[in-house]
Amino acid sequence: MLPWLLAATTLAVVALTAPSLGRYLFDVFDERPQPAWDRWLNPIEAGLLRWIGDNGRSADTAMGYMLPLLISNALFGALALLLLLVQPAWLNPLGFGGLRWDLALHTTISFLTNTDQQHLVPEQSLGNLAQLGAMQFLMFVSAATGLAVGFAVIRGFSGRPIGSFHRDLLRALTRVLIPASLLLALFFLVSGVPMTLAPPLEIITLEGGRQLLPRGPIALFEAIKQLGENGGGFVSANSAHPYENPTLLTNLVSTWAMLIIPAATIDAFGRFVGNRRQSNLLLALVFALLLIGAVVAMTAEQAGNPVLERWLSGGNLQGKELRFGPALTGLWAVVTTGTMTGAVNGAIDAAMPLTILTALFNLFLQVVFGGQGTGIAYLLVFVLLAVFLTGLMVGRTPEFLGRKVEKPQVVWASLILLIHPIFVLIPTALTLAGGTELAGISNPGSHGISQVVYEYASAAANNGSGLEGLGDATPWWNITTSLSLLGGRFLPIAALLALADGFRRKPALEPSPGTLRTDTGLFTSVTAVVLVILGALTFFPVLALGPIAEALSLLPVKTLGAIGDVLNLAS
Amino acid sequence: MTTTARIQFPRMPRGPRQERRYTERPRQQGLVQRAIMEAFRKLDPRLSVANPVMFVVWCGTVLCLLLTLVPNLLDARATAADRGFNALISLTLLATLLFANFAEALAEGRGKAQADALRRTQARTEARRQRPDGSTEMVDSSTLRRGDLVLVQAGDVIPADGEVITGVASVDESAITGESAPVLKEAGSDVAGSVTGGTRILSDQLTLRISADPGKGFIDRMIALVEGAERSKTPNEIALTVLLAVLTQVFLIAVATLSPVAGFLNQAPSVVTLVALLVALIPTTIGGLLSAIGIAGMDRVAQFNVIATSGRAVEACGDVNTLILDKTGTITLGNRLAEEFLPVGGHSSAELAEAALGASCFDQTPEGRSIVRLAEKQGAVLPFDAASASGIEFSARTRMSGTDSPEGTEFRKGAVDAVKGFVRSRGGTVPDELDGCFEQVSRLGGTPLAVCRGGEVFGVIYLKDIIKPGIRERFDQLRRMGIRTVMLTGDNPITAGVIAREAGVDDFIAEATPEDKIAVIQQEQKLGKLVAMTGDGSNDAPALAQANVGVAMNSGTQAAKEAANMVDLDSDPTKLIDIVTIGKQLLITRGALTTFSIANDIAKYFAILPALFAGAGLQALNVMKLASPKSAILSAMVFNALIIPALVPLALKGVQFRPLSAEQLLRRNLLVFGLGGVVAPFVGIKLIDLALGALRLV
């Protein structure tokens, strides 16, 4: 009962805190006066913008926003890649050398795309300089890039000019991510998370052996990891490690931290378009999807494997930290995949098939709160598609927020629908066709399929978690997932910006009784169905062969026999 | 003189709409047979490539047919035993293609029948073309070019659309309007200056300037549109095609990648079943019916006796936010009749009647003639010799008309303030009671016309306006559909306000000039609204061109007809409301079938997937308890094929449109087509499965 109460409390706190942070984000990105900050941040921001030679004016076109985004991201990536390839001795107490090129490339791209998929064991390959200068740096700028894009898209939908990328990136850092991370880091520090540049601690174990305990500037790393929907661990065990997630309280606060910015962004969207009813309904929609997932995963983990129930009780404990227990680990798995964070506090690989199904479902949809900034953007795309599909049924060219949804909008939204099949299904098929030797798949049968699909889905959705039995530190995996990472990040961003910029140029109409209202319960339900049909139905065959088949294989043999009798399996 | 009188009445079509056809009802017999023939002809890949969804089905069909002939072409495990099943799948796929082709062919066939009927109105004739030197030559009507001058005499068929240059003649337009009474055509008149090819001149002769090259007239454009020959897709149809194409690609990837994924479990399905899965998932229902819906929409417009020059215009009708309507002829019956004389300034009613008669003796408008009638009924006699007097025509600038008697006395009648100005300019004074009479008449919703003789005001004529019965209900419907109505009238603001209130329009503009029309349209368009209007006069042409949907009356001038994107052959301004309904119906039908088509996928997954991967332990997903994997796949495919002809009537007739609010419409249509789309295939596939089992086909 306790885990359910804790889960409910955490989600309730998210719902309660989202509006105030939403108000704050609205102030930041609509450039409203914030006297407390403006006095000493304005000169800094203005100075920095002047230094890079940007006048801070809004871009005229989507390209005007996209180009600085690509250039700066390429620059960020190049710097990090260089640092990973040549790890200097400075701040590198264990003297790690540079990474192999494909691993360095994959790690850079993975952190640059706000994914943080890790094919390496960080505590055995990265010194503090690389952790700070490459990993943590990319965590901040990739989250800021995501937020910037999210608000550029929101501005477009609300009819405002889409804004200036540099300005948005800066303000996301100075006014949102850096202060919030510092606050959260303080909490982690107090809770016992290390924050030091000291070399690893050498201890004598009870058996008398010698062991190196890696430590480092983890508290701040941890804060931006959760708040920025990054998810990359300072250590390989991620949030299952006591240095990253020491207590039950840090576990719950981390869960909250993953959800809060995407939730607040949805709230801020309502303030931008002057219709909080609309944003509250969208929030309710994603909350409902999250709750369904959470109930499925928590129940599945708590019930455990039915095949083993004669010998084991207490739920599915494989791959779990006993400090958190099966149910809260299930909740975490749903939240981390829904928000595109990808941090883990237990092994998803060892989770029940239904939990994996829920996680994959979240990765395919990308909107169950969704990634930093991109979550609301994808949600708006699905609303737009729902408007287009069903809006015709009221006998008018469909309208969303007073603007007509016409060919250009449908083209961009459709392109976004194509990204996942291209960057998840095609590499999955190639990998599975190549056999286990190429794939490093550690499980036969349906679970093997889940491992491969999950890896690519996690990459394309910029999530970063994985079914870690997979032997993925190979050039094949590093290169193919890098393609999925880049394709899943920058192509949709370009399409989203083009969509939003085209949308804002359309004349806005006052609503009339003949206008389809999107801020109603009825339409929100329609959006939910469209979301499931367009976002996830494509993947139903692989889900059926992967986690669904695995889940069905756990059904009591008697039930299966009964079904088998009914079916004519002879053919 | 009687013919002159006729023409002045705006022609109102009479009788129930279905009897007002100008063309015979298109022949229905033989349509189906011809459509079946066409369905086979459309299997030509060069034709089917235009529709991406159906082209995928086409490719799948060819692949399955090949695999029927050579079962182990792509898969070494396959044996000749698979041939039967492959053949059955190939046949259902072929049926799917044929059904979709049939739907399109049927819609086109109906359009062709309509087009043939239209074409019969423009039989080729001989025409007398005028040479530059004034002599004439006989030429075939098809050789006439825009700008040619043509002489037509009593008994001739008018060879092409044109404008009257000289002459007065009566013309029988029943061939296109259904009105049996002849109408007068004369040069330089707004309502009588244009003639349409295919009509017959009954008396006298006219010189015409041909206004359209052969094949470019209104009727020709309409023929092209209903035949679907030059049918360009409408913007909304294009957007939908894009989405359907992308969905098809998405499912193409999903199905193509399935083979290696299932191969990992040693469950690689046969190519034929994968093709079946693909065809089941891609939106074939809407893909197959999309063009039929569009063609049928144009056809419906034609059946309403309206010539649309583009499909885009018809679709835009559904989006219209504001209707701009002329009061006269649309909201009120065209003819205002003189009801009463209200004398002022100590004049008697008889004196006023005499002055009114004097001012109206040359006025051949219905109003003018009704004044003459009323005055004569009251015993008034014309105070001068009409033969040597001269008439002063009404103009929008002076807003007065009248007569100058042989002695030079100026009899005038017109808008009260215009007459006031005239009286003052002649040194007269305006009695105070005039304003009282003006208000009295205006408050009754009537039009007050002041009458004066020189500088002396005699009184006011009360012209009674009659609001069309049932118009209020129509405006209420429009309001529920979210469409704003604006009434334009030359009346004074009080009269206009009374009429507007009684008719239930949302807004009105009184004392409107033709320029006001454009201003109102531009103002609305600036707010992003789509504006529809009707018009007939030459001075309406710029406004008709500016409006998103401009409907010209067939009785109107050539300029108005060319500026408009639709021409109403019945010249019935209220028909704009029907056209809006057709536009909406077109969009609803498209949306409803799309929703239905996509909602179908859920059930199809549950039918096909467990069957496809029976060995992967997915039997529990077989919620429909279908007899065998093969029967399940075949049932889904048969359902997929049969649903197309089942929906053809709906696609051709259009989903019924009710004037409800958007919210109510959405709820209703979602229930029918959304929920129906989820449930129907579960029921349908199960029934087909039972039937296949009974037939022992698989």
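Chain A has a mean pLDDT of 92, with 96% of its residues at 70 or more; pLDDT is the predictor's confidence in each residue, from 0 to 100. This is a predicted model, in which local features need pLDDT of at least 70 and side-chain atom pairs count only at pLDDT 80 or more, while totals for chains, interfaces and linings use all residues. Residues are numbered from 1 along each chain as its sequence is written, chains are lettered from A in the order in which they are written, and side-chain values use heavy atoms, with hydrogens and water left out.

Within chain A, confidence is highest in helix α9 (residues 248-272), at a mean of 97, and lowest in α20(A), at 51. Helices here are DSSP runs (H or I, at least four residues), numbered from the N terminus. Over residues 566-571 of chain A the pLDDT stays under 50, and the model has twelve contacts for them beyond four places in sequence; contact means heavy atoms within 4.5 Å.

Chain B has a mean pLDDT of 83, and 90% of its residues reach 70 or more. The pLDDT is below 50 over residues 1-24 of chain B, a stretch with 60 contacts in the model beyond near neighbours in sequence. Where pLDDT is low, the predicted coordinates should not be read in detail.

Helix α7 (residues 165-191) of chain A has 27 residues and reaches 36 Å from its first C-alpha to its last, close to the 39 Å expected from 1.5 Å times one less than its number of residues. At Leu173(A), α7(A) bends by about 40°, the angle between axes fitted to the seven residues ending there and the seven starting there.

The model scores ipTM 0.93 and pTM 0.86.

Key: Helix = DSSP H or I, 4+ residues; strand = E, 2+ residues; numbered from the N terminus.
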